[in-house]
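Please examine the sequence and the three-dimensional structure shown below. The briefing that follows is grouped by topic.

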Amino acid sequence: MRITGDHTALAIEGRLDVRTAADARARLHQAVDGGFGDLVLDLARLEFWDATGLGVIMGTHRRAGRIGRRLVLRSVPAQLQRLLVATKLHRILAVDGGIAEAHVL
C-alpha cells in the first residue's frame, strides 16, 4: 500500500487491509489533523479493502468530522462501491459524484 498527497488530497494505491491498516491510519489522521476544509481521498488505484481497511476509512471520516472537516471519497472502484452499498456506508460517507445504487447491486 502506498499513500501519496498532502493535507487536502491523498491517493491510496494497493491494498488497504489488516496488514496495512496501522500505517494507513497514521498517514490519514496526520493529513486530517494538518489541514482545513475537505480532505479528498482518491481510491482509483485501490485494489482491495477488507473490513479493517473500511474501519480505517470510517475512523478517518469520524476524526475529520470532529474537527470540522469532511472526508470525500473520489474514484471509488465498482467493487468497493458495492461494499459501501451493502454496508449502507454510502449514506454516511461523502462520495464525489455519488453512487448509483441500482448500478452497483
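In this predicted model, Ala 9 has Val 40 in strand 3 as its bridge partner. The chain passes from strand 2 through helix 1 to strand 3, and this β-α-β crossover is right-handed; the term means that, with the strands pointing away from the viewer, the path from the first strand over the helix to the second runs clockwise. Helices (H or I, at least four residues) and strands (E, at least two) are DSSP runs, numbered from the N terminus.

Residues are numbered from 1 along each chain as its sequence is written. Local features need pLDDT of at least 70 and side-chain atom pairs count only at pLDDT 80 or more, while totals for chains, interfaces and linings use all residues; side-chain values use heavy atoms, with hydrogens and water left out.

- The 5 strands form an open sheet in the order 1-2-3-4-5, with mixed pairing; two strands pair if DSSP finds at least two bridges between them.
- Strand 1 (2-5) and strand 5 (94-95) are the edge strands, each pairing on one side only.
- Strands of a sheet pair through backbone hydrogen bonds, either parallel or antiparallel.
- Strand 2 and strand 3 are parallel to each other and pair over 7 bridges; Arg 15 stands opposite Phe 48 in strand 3.
- Strand 1 and strand 2 are antiparallel, with 4 bridges, and they form a hairpin with 3 residues between them.
- Ile 3 stands opposite Ile 12 in strand 2.

**Helices across the sheet**

- Helix 1 lies across strand 1, strand 2 and strand 3, at about 15 degrees to strand 1. Axes are lines fitted to C-alpha atoms, for helices over the stretch in contact, and angles run from 0 to 180 degrees between N-to-C directions.
- Helix 3 lies across strand 3, strand 4 and strand 5, at about 110 degrees to strand 3.
- Which residues of helix 3 (residues 78-86) are buried? They are Leu 80, Gln 81, Leu 84 and Val 85, where buried means under 20% relative accessible area, exposed over 50%, and partly exposed in between (1.4 Å probe, protein chains only).
- Seen down the axis of helix 3, these buried residues fall within an arc of 145 degrees, so they line one face of the helix. The arc is that of the directions from the helix axis to the C-beta atoms.
- Just after helix 3, Lys 88 has a positive phi of about 65 degrees.

**The nonpolar core**

- The largest nonpolar core has 29 residues, and those with the most contacts inside it are Leu 41, Leu 43, Trp 49, Ile 57, Leu 73 and Leu 84. Such a core is a set of buried Ala, Val, Leu, Ile, Met, Phe, Trp, Tyr and Cys residues joined through side-chain atoms within 4.5 Å.
- Among the elements that give two or more residues to this core are helix 2 (51-66) and strand 4 (70-74).
- Beyond four places in sequence, Leu 73 touches residues including Leu 41, Leu 43, Ile 57 and Leu 84; contact means heavy atoms within 4.5 Å.

**A buried and an exposed residue**

- Thr 60 is found in helix 2 and counts as buried because its relative accessibility is 0%.
- Apart from neighbours within four places in sequence, Thr 60 contacts Leu 28, His 29, Val 32 and Leu 71.
- Val 18 lies in the loop between strand 2 and helix 1 and counts as exposed because its relative accessibility is 58%.
- With neighbours within four places in sequence set aside, Val 18 is in contact with Asp 50 and Thr 52.
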